[in-house]
Amino acid sequence: MNLATLALRNLQRRPMRTTIVTLSVGLAVGSALALVALSGSIERSTAEGVDEHGADMTIMQRDASDLFSGALPEENGKAIAKLKGVEAIAGDLVMFAPVEHDRQKLMFGWPNDSFSWATMPMRAGRPPTRDESHVAVLGLGAAEQLHKGVGDDLDIMDERFRVIGVADYVSALNRSTIFVPLRDLQEASFRQGQVTGFHMKLEPGLSESEVETLKAEIAGLGRMFAAPTDELMRNDRNLAVLKAVSRSVSWIALTMGALSVLNALLMAIQERTREIGIMMAIGWSRRDTMASIVLEGALIGSIGCALGVVFGYAASFLFSSVPMIGDYLSFHPTVAMLLPTLTASVALCVLGSLYPAWRATSLSPSEALRRA
Amino acid sequence: MGDFNPVTNETASPQPHQGAPLVRLEKVSRTFDDGAVVALRDVDLAIQPGECVGVLGPSGSGKSSLIQIMGGCDVPTAGRVYWRGNAMTSLSSWSRVRGIEIGVVFQDYLLLPTLTAIENVEMALIGRGLSASLRRRRSAELLEQAGLEARMNHLPYALSGGERQRVAIARSIANRPVLLLADEPTGNLDSANARAVADLLFKIQSAEGAALVLVTHDGALAARCSRTVRIMDGAIVDDSGVDPGARPCASTDRLRQEAGARP
């Protein structure tokens, strides 16, 4: 027997206590992990969705709070197309709209000649032709949710559309979106001649300074700014609010998790004050006594973290099944999220054991035995 | 068992002073609750190597406090304690001695509930520079010596009171202490088990040559020791004196004879 096997014995032979403490740690880590994943996924999912449309930059209204709230003249596209370095430009109208009367779905309206149609990965059917109207391409998730396929009719804002294709996008955002010709969406929403923004493709080989010049020229056209996806996300105020809220919730979850872990460890060690007294009375040094307790805390932390990863993934799947979350956000804990959370959790367990262990071993053996 | 030489990884024990008692208490007092409870008052006591001392007194007389202080498990609120002539001023100074040169047996055994009998004995040998196999072998030998060869892998809850106490005794002598302190070791046992445990303690004391301080409220048990110290209300009221070698610990037979001869 050594310090490690002693710690293992203590855990094995107190199955109920070990289960409760490790479950507490696991639940704390799992909920923190799920919420951190949710927080990170809001920006990532939106960015993935925008990137999949094949644009190098997005142009938005300068004062718009987010991707949805811009209101720019479609005509601006012509002026932008003339600028040096622009290979292609396409206006788009983005909004949530009632589909099949009572279901709100995210809609993208693209001009029939937009390069985004050309890069759209198709699972079935095809994108619209140049002159086609009142047709729709559904993201795979939207098709499944609406039980629609190629050839079916679909009511969007009380107008009848025909499904001509099902797109096989990867991002959760695009999988739950319905894509229609820009003109149709403008008419249905009474926003003729208006777009929420533009997607822009740049000529290959542009230098950084040329890109900066182009951005300045676009800004000079009035009320607009151009930005790559990551910068766009940084400027999205709705996203910023959502991220702030979800980060706050994550911090609350982390704090509560940390407190629950500390409480569980404190209780587990306090109830062993007598044992600590025995160890010291039979000649164990304070250092060895503390080492055995901290080792036990680290073991609990490690097992709890392993459980936490399972719980975190399970919670992510659970959250993803909630329609308004799962339709547009794909979130699973990533390695980048796991590492800091798990490192912090094991460190917390070690530190959480260290303090009560230090306190318990500060007592004289007789005092420790008396307090039990 | 003869080749067993425990090595501690702690700082070396204090250098012994030639001719000094193993442990000496000088005007030792111990109070609790800011002086409201006085457990010991101005106690002077010295224990010589190899001595067998019975400390006799009623409940609450301060016997356990005395043994806790002598064993380095507690520190006095006043007075001084010397180990082999060195003043022990703090608990940390005792940590080099406790468990290695001093073995303690408690009334309620104080075994670790999650460890088997052999693991409990092994606990006293961890951190003494012994290999795991040597620790295991030494623990098994000690339990065999205590007559527990068939109970080594049982957890404490599966052992009888007498067996638990024998495990505790095996643990207390694992490092070949020079001083063995036993705090009411038979207090929780029936008479048969009490006799067996007492016999084991005296046998070990005799075989190992360690000093034994046996705290008890049982006069017959105390009478088996070569020296008897009576304690009352925290003060020593009678000490039969130091006479090592002149009167070895009484064997059970002799004790029975003495008891039978009394009117």
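**Note on the two-chain model**

1. Start with Leu25(B). Setting aside its neighbours within four places in sequence, Leu25(B) is in contact with Val43(B), Asp44(B), Leu45(B), Leu66(B), Ile69(B), Met70(B), Arg80(B) and Val81(B). Keep in mind that this is a predicted model.

2. Leu25(B) also matters for the core count. The largest nonpolar core has 43 residues. Leu25(B), Met123(B) and Leu179(B) touch the most other members of that core. As a general point, nonpolar side chains in soluble globular proteins tend to be buried together.

3. The charged end of Arg24(B) sits over the ring of Tyr82(B). The distance to the ring centre is 4.4 Å.

4. Turn to chain A and its strand 6, residues 135-139. Five of its five residues are buried. Val135(A), Val137(A) and Gly139(A) point one way, while Ala136(A) and Leu138(A) point the other way. Both sets are buried.

5. Which strands pair with strand 6 of chain A? One is strand 8 of chain A (residues 159-167), in the parallel sense over five bridges. Here Gly139(A) stands opposite Ala167(A). Another is strand 9 of chain A (residues 177-181), in the antiparallel sense over two bridges. In that pairing, Val137(A) has Phe179(A) as its bridge partner.

6. Over all chains, the search of the whole structure finds seven aromatic pairs. One of them joins Trp110(A) and Phe179(A), with 5.0 Å from centre to centre and 40° between the planes, a tilted arrangement. The pair links distant parts of the chain: Trp110(A) lies in strand 4 of chain A (residues 103-110) and Phe179(A) in strand 9 of chain A, 69 residues apart.

7. Are Trp110(A) and Phe179(A) buried or exposed? Trp110(A) counts as buried because its relative accessibility is 1%. Phe179(A) counts as buried because its value is 0%. The cut-off for buried is under 20%. Both residues belong to one aromatic cluster, together with Phe108(A), Trp117(A) and Tyr169(A).

8. Last, the interface. On the chain A side 24 residues are in contact with 30 residues of chain B. The two chains bury about 2,300 Å² between them, and 59% of it is on carbon and sulfur atoms. Which three residues supply more of chain A's buried area than any other three? They are Met1(A), Arg13(A) and Ile282(A), which supply 29% of the area that chain A buries against chain B.

Definitions and conventions. Residues are numbered from 1 along each chain as its sequence is written. Chains are lettered from A and ligands numbered from 1 in the order in which they are written. This is a predicted model: local features need pLDDT of at least 70, side-chain atom pairs count only at pLDDT 80 or more; totals for chains, interfaces and linings use all residues. Side-chain values use heavy atoms; hydrogens and water are left out. Buried means under 20% relative accessible area, exposed over 50%, partly exposed in between (1.4 Å probe, protein chains only). Helices (H or I, at least four residues) and strands (E, at least two) are DSSP runs, numbered from the N terminus. Two strands pair if DSSP finds at least two bridges between them. Rings of Phe, Tyr and Trp (its six-membered ring) pair if their centres lie within 6.5 Å; planes under 30 degrees apart count as stacked, over 60 as edge-to-face and the rest as tilted. A charge sits over a ring if NZ of Lys or CZ of Arg is within 6 Å of the ring centre and within 35 degrees of the ring normal. A nonpolar core is a set of buried Ala, Val, Leu, Ile, Met, Phe, Trp, Tyr and Cys residues joined through side-chain atoms within 4.5 Å. Contact means heavy atoms within 4.5 Å. Buried area is the accessible area (1.4 Å probe) that two parts lose on being put together, summed over both.
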